Amino acid sequence: MPSSPHRKIEPILFEWFTLIGMFLFAAWLLGLKGVWQLLLQSDPTGITFVIIVIFCVATIWCGMRSRELDRQRESLEHQIANSASAPAEYCWSHAYWEALRSNPRDSGAPMDLLTEKTHGCHSTAWWVNGLQLKLGLLGKVIGFSMLAMQIGHMQSFDQSQAQEMLRDLTTGLGVALLTTMVGLVANILLGLQLTRLDRFADDLVSRAQTQGLKIKASE
């Protein structure tokens with residue numbers, strides 16, 4: 001049975017807003033429990049703060065990207081449903097179809113251009129996602145280095161200085177564990193958003209290619 005030209009579009013922008021709502025609620029709850037203050041005060045290197053800033057900026061970019069992909073998909077479906085010869089605004093899929101019409105024998109180059117528009121900037125976002133994890137591991141190395149230096153400076157154990165020595169030792173351990181934890185959590189949450197973007201972009205390319213094959217067959 002032939003498929004209908006009207007296809008249900010995944011609500012990627014709505015999903016992003018829902019995720020942001022969950023993030024804001026979790027951030028408020030953590031702030032209420034004093035977790036943010038603990039994280040920032042326990043990390044004198046500032047790596048935890050850098051990871052949080054990178055995650056927030058990358059999440060905002062994911063929202064902007066979700067909006068653009070959603071707009072492109074709606075434009076694609078509108079053109080298919082109405083058989084419009086030209087879109088009201090610039091559309092990646094329409095540019096791809098026009099390239100196919102102008103050179104029907106070489107479909108590889110138009111597809112490469114479409115894939116670049118839909119997926120190109122995602123590779124940089126994935127690199128940023130990996131950067132969060134690497135910063136967490138860097139904090140782990142720095143924390144254990146601080147711990148090792150504190151142990152190396154201990155020449156004798158004085159019971160009267162035990163509390164100060166314990167505080168110095170736990171500072172390095174706290175940096176190692178907290179930065180690693182924050183980096184891992186940020187990596188997982190941003191990776192979830194990027195995976196949805198990639199999946200939506202794949203579906204956009206597949207839909208545009210399917211219509212492009214119909215155009216080539218009709219000419």
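Helix α3 (residues 47–82) packs against α4 with an angle of about 50 degrees and 8 Å between the axes. Axes here are lines fitted to C-alpha atoms, for helices over the stretch in contact, and angles run from 0 to 180 degrees between N-to-C directions. That makes α3 oblique to α4. The cut-offs are these: under 35 degrees counts as roughly parallel, over 145 as roughly antiparallel, 65 to 115 as roughly perpendicular, and the rest as oblique. The model is predicted: local features need pLDDT of at least 70, side-chain atom pairs count only at pLDDT 80 or more, and totals for chains, interfaces and linings use all residues. Residues are numbered from 1 along each chain as its sequence is written, and side-chain values use heavy atoms, with hydrogens and water left out.

Which residues of α3 and α4 meet? From α3 come R65, E68, L69, Q72, L76, Q79 and I80. From α4 come W92, S93, H94 and W97. Contact means heavy atoms within 4.5 Å. By class, the contact of α3 with α4 has five nonpolar, four polar and two charged residues. Ala, Val, Leu, Ile, Met, Phe, Trp, Tyr, Cys and Pro count as nonpolar, Asp, Glu, Lys and Arg as charged, and the others, Gly among them, as polar.

Now follow α4 to its contact with α5. Helix α4 spans residues 92–102 and helix α5 spans residues 108–119. They pack at about 170 degrees, with their axes 9 Å apart. That makes α4 roughly antiparallel to α5. On the α4 side the contact holds W92, S93, Y96, A99 and L100. On the α5 side it holds P110, M111, L114, K117 and T118. The residues of this contact divide into seven nonpolar, two polar and one charged.

Step back to the whole chain. It has seven helices and zero strands. From the N terminus on, its elements run α-α-α-α-α-α-α. Helices (H or I, at least four residues) and strands (E, at least two) are DSSP runs, numbered from the N terminus. Of the 219 residues, 36% count as buried. Buried means under 20% relative accessible area, exposed over 50%, and partly exposed in between, with a 1.4 Å probe and protein chains only. The accessible surface comes to about 13,200 Å², and 65% of it belongs to carbon and sulfur atoms. Those areas come from the Shrake-Rupley method with a 1.4 Å probe; for residues, only the protein chains shown count as cover. Among contacts with a separation of 6 or more, 82% are between residues 24 or more positions apart.

Leaving out residues up to four places away in sequence, A208 touches L76, S93, Y96, W97 and L114. A208 and W97 are 111 residues apart along the chain, and their C-alpha atoms are separated by 8.1 Å.

L76 sits in helix α3. At 0% relative accessibility, L76 is buried. L76 and A208 are 132 residues apart in sequence and 7.4 Å apart in space, C-alpha to C-alpha. With residues up to four places away again left out, L76 touches C91, S93, W97, L204, R207 and A208.

Helix α7 (residues 162–218) also holds N187. N187 counts as buried, at 19% relative accessibility. Beyond residues up to four places away in sequence, N187 touches N129, G130, Q132 and L133.

In helix α3 there is also I60. At 52% relative accessibility, I60 counts as exposed.

How many aromatic pairs does the structure hold? There are three. Rings of Phe, Tyr and Trp (its six-membered ring) pair if their centres lie within 6.5 Å; planes under 30 degrees apart count as stacked, over 60 as edge-to-face and the rest as tilted. W16 is buried, at 15% relative accessibility. Another pair is F25 with W28: the centres are 6.0 Å apart and the planes at 35 degrees, so the pair is tilted. F25 and W28 both lie in helix α1 (residues 12–32), three residues apart, about one turn of the helix. F25 is exposed at 52% relative accessibility, and W28 is exposed at 51%.
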